[in-house]
Amino acid sequence: MDELVRHIGVGAAGEGRARVRMAGLQAAVFDAELRPATRRTTDEWERAIAELVGATSARFDASAAREVAVALTALADGMRQRVTSGVLGADEARRLLVGAVQAMLDRAP
Amino acid sequence: MTQGSEPSRKERILAATCAVIARRGIEAFEVKDVAEVADVTPQLLYYHFRNRRDLIRAALEYAAEQAPSVNLLRHDSDLTGFEAVRNALLAEFDDEPRVRNLNLIWNEVAAIATQNPEFHADVAQVTSRWGEQVTIGVLRGIADGSIESELGPGDLAQVITCAVEGLSQRWLAGLISQDEARQNLGLLLNAFSAAPVDN
């Protein structure tokens, strides 16, 4: 689970890339031409996290792991926006992320 | 101008602000476009709102007050706490333009706040109020046994509302549909339900 949290991480390595992707998401709201590239980078991130989710337990087949990965990466995006807009501290975000990942891994079907 | 007509004019201006920002984004929006859509004179608009920033702040407040999740949570008293929280938050993902525009305003102001610290306090205030409303719903769920969580009520509300914002970014950007956003949020919420429901 530690590796999973680290990879999803808010304020972790790869943060610069995450911020670029978030800027792409924001711009894609008004520019449909940016959507394919934004979708591709988001898909790549979700796929990488899905592999780590799948590795935590045999309960997660590829489809279930992907669903959990989408929920967790979206949660991390929401947290990242709060951290960068000064609403939530980075340490607090990481603590909450650990709790959410734990709950998802324990309880997701 | 009568006192009674002021709130409706003000509300019309705020609804028009949401519509204009939803069309082109916050960076591109101009006050004169809002006056045109609201069918009011620029003078009247500046009577209510001192400047562009004041208008953006008021639009964010308006979006927060009108948010489906806040209003549904206040009224779904026949449901379990979990069901009320779930229904209220799933309702945030709605392609109906008025609801989508409210989400878009919130998303836009939160995004510009990442570059403009002058908006931090405004975003923090509406986020905190939303979190408090959801926390009340979570507390109801814990009390009636429908919500189970190792996280405290306030922490869980923070997690849930962050997930709504993250999914909202993808939905507004056209990466996922309204139904996919609801399904993904439902999956996350089920991790905190005593009796998970089918999505």
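A cavity, in the sense used here, is a set of points on a 1 Å grid over the protein atoms alone where a 1.4 Å probe fits but cannot get out, and its lining residues are those with an atom within 4 Å of a point. The structure is a predicted model, in which local features need pLDDT of at least 70 and side-chain atom pairs count only at pLDDT 80 or more, whereas totals for chains, interfaces and linings use all residues. Residues are numbered from 1 along each chain as its sequence is written, chains are lettered from A in the order in which they are written, and side-chain values use heavy atoms, with hydrogens and water left out.

A search of the whole structure finds two cavities of 30 Å³ or more, a volume being the space filled by probe spheres set on grid points that are joined across faces, edges and corners. The largest holds about 180 Å³ of space, and among its 16 lining residues B:E92, B:N103, B:W106, B:W130 and B:E165 lie nearest its centre. By class, this lining comprises eight nonpolar, six polar and two charged residues, where Ala, Val, Leu, Ile, Met, Phe, Trp, Tyr, Cys and Pro count as nonpolar, Asp, Glu, Lys and Arg as charged, and the others, Gly among them, as polar.

The second largest cavity, with a volume of about 40 Å³, is lined by B:F82, B:V85, B:I147, B:L156, B:I160, B:L189 and B:F192. In chain B, α6 (81–90) and α9 are the elements that give two or more residues to this lining, helices being DSSP runs (H or I, at least four residues) numbered from the N terminus. The lining of this second cavity has seven nonpolar residues, with no polar and no charged ones.

Turning to the interface, 43 residues of chain B are in contact (heavy atoms within 4.5 Å) with 39 residues of chain A. Together the two chains bury about 3300 Å², 60% of it on carbon and sulfur atoms, buried area being the accessible area (1.4 Å probe) that two parts lose on being put together, summed over both. B:R170, B:L175 and B:L187 supply 21% of the area that chain B buries against chain A, more than any other three residues.

Across this interface the rule finds four salt bridges, each a side-chain nitrogen of Lys or Arg within 4 Å of a carboxyl oxygen of Asp or Glu. One salt bridge joins A:R95 to B:D155, with the closest N and O atoms 2.9 Å apart.

How values were computed: 1 Å grid on protein atoms, 1.4 Å probe; cavity = no way out; pocket = protein on both sides within 12 Å on 5 of 7 lines; lining within 4 Å.
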